[in-house]
Amino acid sequence: MNKNIILCGVGGQGTVLASKLIAAAAMKKGLPVMSAETIGMAQRGGSVFSHIRIGEGLRSPMIARGTADVILGFEPGEAVRMLPYLKKGGQAVVSIRGIMPVTAALSGAGYKSEEMLSYLEKQVEHLLVVDTEKACRDIGSPKVLNILLLGAAAHSGALGLSDEDIKEAIKEHVPEKFHDMNLRALAYTHPDTP
Amino acid sequence: MHKEFLMGNEAIALGTIAAGVNLVSGYPGTPSSEVLETVAKRRTSDIYVEWSVNEKAAMEVAAGAAYTGARSMVTMKQVGLNVASDPLMSLEYIGVKGGMVVLAADDPGPISSQTEQDTRHFSAFSKLPCFDPSDPQEAYEMVQEAFEYSEKYETPVFLRPTTRVCHGYASITVKDEAEYKVHNFEGFTKDSGRWVIFPRLSYQNHIKIEARNQTLADDFSEYSRNRIYQACRKNVLLKKGIASGGISFTYALETLEEAGMAKLFKVSTPHPFPERLALSFLEGLTEVLCIEELDPVIERELTYICGKYHLPVKIYGKLTGHVKNAGENSRDSVQENIMQFLGLASDSPNMVSADSALSTDSMPSLPVRPPVLCAGCPHRASFCAVKAAMKGKKTIFCGDIGCYTLGNAMPLDMVDTCLCMGAGLGIAQGVGHMEPDTTCFAFVGDSTFFASAITGVINAVYNQADMTLVILDNSTTAMTGHQPHPGTGRTMMGEIVQKINIEAVLRGIGLKVVEIVNPLDYEASVECVKRVAWEPGVKAIIFKAPCIALTKPSGSLAVSPDKCINCRKCIRELGCPALVISEKQVSIDSSLCTGCSLCSQICPVNAICPPAEKDKGGVCHE
Ligand code: SF4
Ligand code: SF4
């Protein structure tokens, strides 16, 4: 199995943990993994991304344009920014909730994440928009966004990782007191979850 | 041996531990900080680790350890090397007894730095050998080899990873603890002819260093990480080759690999350059493209070798305009460069095909998202207070390096200058001497104060400057990932020690006016600035409130829509990311707001308050 996965969002949204969990789950299956992520200034509310590559024969963690199997968009506009990386027929899993940049609030111009979503709908054949707003309310924490998207991507089959794989990784890498909440987030989009 | 998923910096740290290091010192700086942090976390009991007060101190501590025969490492980012260059330049003339690795991480882009300087040049300048890893596994092994070379040649050596290697992760094979080397050392032996630098000794040692680097260049030609990858049989007659190093090498290799399209030269030791190996690479070629980041180091070396040996090979790269000369390379840019050089179309069947899902270019305009101070960051409050207090006055706000550099963004717009660590103080003084009618401010964080501002304060007092020093004390080194410093009372060895008190330091230097205020008390802060800035000479305000990323938020506030007159003063003045406009109404994003209350103190109609009070329709701000 060879997979190129891109996670993107706004600094502080939890992309780093999500990419760690994907990597851990793949490693558990004995697969080689390489990844790269934004660390530094951009983590303060700037655009951030992670590239994750799974499979044999990897040389570098960076993904070439048009070769990503999956994009996990933590924010619609950031998903659009990374879209050139998605391959034809690739899967995009995107959170419905936009984050207004300070620059947009200031200029009064506003920022319409709906525009971003409708662009994604036009461009991406396999698009999954997750109503993270409702989901976070149901689960009772805004902090589970990353696991929600991870779960949705896993259920779509595009990650090549199962719920079980990711569950294991959560148990190993997340403090115990958050297990319950995160496991609920993971299962939230599962077809069998009522 | 076992497998671990490690960040490049963590891999370097584990390699260092496996090499039997005895002491690691450093100063935080992106992208280098995780090396020392990981050594501290994973160290065996006999390793000493410290965050030093700055890179110069760190370099000297590591040198002292190496004088005793211990193995030492010092870590920093590339600009930190400028601070440490004084001891380093001399240290090369003295040499070391135990292995000493100088880890200086470069930042092509730059992604989190002021410059795109190239440590490979520093290596040639200081005459230290340089190791340049391409991925975490190689960095893990290379750092262990670097210690061996350092000891064999009795010189400190550079390990120079770049951001994508430092912060790239890979599942790699590492040693078990039982396989770690134990490095025993003899201790310092007095010998003033060896350890005391004098012009005569420097002259003699200079001769030895030049000779040694000749030997080392030959030695490096045999070093297995400098390597020629032959083109596959069907392309073997092609007279074109690629030379590369660092992360760019991995992009080049991936581009070429499947097809074995051209001969490839990996340079892992840019200095001293493996000349003999380069000669065998150049043999039979007529054109070479050099792919590297930052400066054209490999390109110049190959050009020099071609001149020296009268080789009919054209060398292309940054100097010839074939590769862009600033910013980082990407997987895609390298592929494009190579395709063009080889005269291939980018949809050649041998290439990773860029079959993007995008069909048109009708992309909506993307949100501009520069980094900003966190919601609830106390620096925002400090900047607002100074701005309000100085409204209408002729001022200059000299900034510095840290999270508070982000105070430059609109709407705060409170950083008029920023140069390097600690420079704001000197610049404020220089401006003040030339423009006595300007009220000069210098802003500096607590960690930066200890690292490089104290001499600036002494300079100001001694030379009768007129300026206000503003210390933004959030009790941590926030930008680089919250490391402790002398004011926090914690060390990297986990000890609780006496805190060095900034106010006492300032008073010790002779400042008569030093006031401490909580910036989140807006009115008191504005009053304080008005009072202090008016005083003659050098005076200081210490804005003291912890970094919000390290404190538990006190619960979010909300805008009461029936009270809000939609004047947008909060948005216009603060630029807090939690303040947003939804459906033309100002509101607060509860997932971001920390309840710092700054906006509620600025709102002219008390429309911002805790949600409970809002529901009760009670009074918001007292
Ligand atoms: S990390 Fe701390 S200092 Fe840096 S912007 Fe956030 S709150 Fe401010
Ligand atoms: S209280 Fe106001 S200024 Fe402070 S974090 Fe919340 S929205 Fe931002």
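Chain A and chain B bury about 5000 Å² between them, and 61% of that is on carbon and sulfur atoms. Buried area here is the accessible area, taken with a 1.4 Å probe, that two parts lose on being put together, summed over both. In chain A, the residues that lose the most area to chain B are A:M41, A:R44 and A:R59, together 16% of what that side buries. The contact, meaning heavy atoms within 4.5 Å, takes 57 residues from chain A and 61 residues from chain B.

Before I go on, this is a predicted model: local features need pLDDT of at least 70, side-chain atom pairs count only at pLDDT 80 or more, and totals for chains, interfaces and linings use all residues. Residues are numbered from 1 along each chain as its sequence is written, chains are lettered from A and ligands numbered from 1 in the order in which they are written, and side-chain values use heavy atoms, with hydrogens and water left out.

Back to the interface. The rule finds 5 salt bridges across it, a salt bridge being a side-chain nitrogen of Lys or Arg within 4 Å of a carboxyl oxygen of Asp or Glu. In one salt bridge the side chains of A:R53 and B:E254 meet at 2.8 Å, N to O.

Next, the ligand. Ligand 1 lies between chains A and B. Residues with a heavy atom within 4 Å count as near it; chain A gives A:R44, and chain B gives residues including B:C374, B:C377, B:H379, B:C403, B:H482 and B:C547. By class, the shell has 8 nonpolar, 3 polar and 1 charged residues. Ala, Val, Leu, Ile, Met, Phe, Trp, Tyr, Cys and Pro count as nonpolar, Asp, Glu, Lys and Arg as charged, and the others, Gly among them, as polar.

Now helix 4 of chain A, residues 113-123. Helices (H or I, at least four residues) and strands (E, at least two) are DSSP runs, numbered from the N terminus. Its buried residues are A:S113, A:M116, A:L117, A:Y119, A:L120 and A:Q123. Seen down the helix axis, these fall within an arc of 160°, so they line one face of helix 4; the arc is that of the directions from the axis to the C-beta atoms. They pack against helix 2, strand 5 and strand 6 of chain A. The face turned away carries the exposed residues A:E114, A:E121 and A:K122. Buried means under 20% relative accessible area, exposed over 50%, partly exposed in between, with a 1.4 Å probe and protein chains only.

Last, B:V457, in helix 16 of chain B. B:V457 is buried, at 1% relative accessible area.
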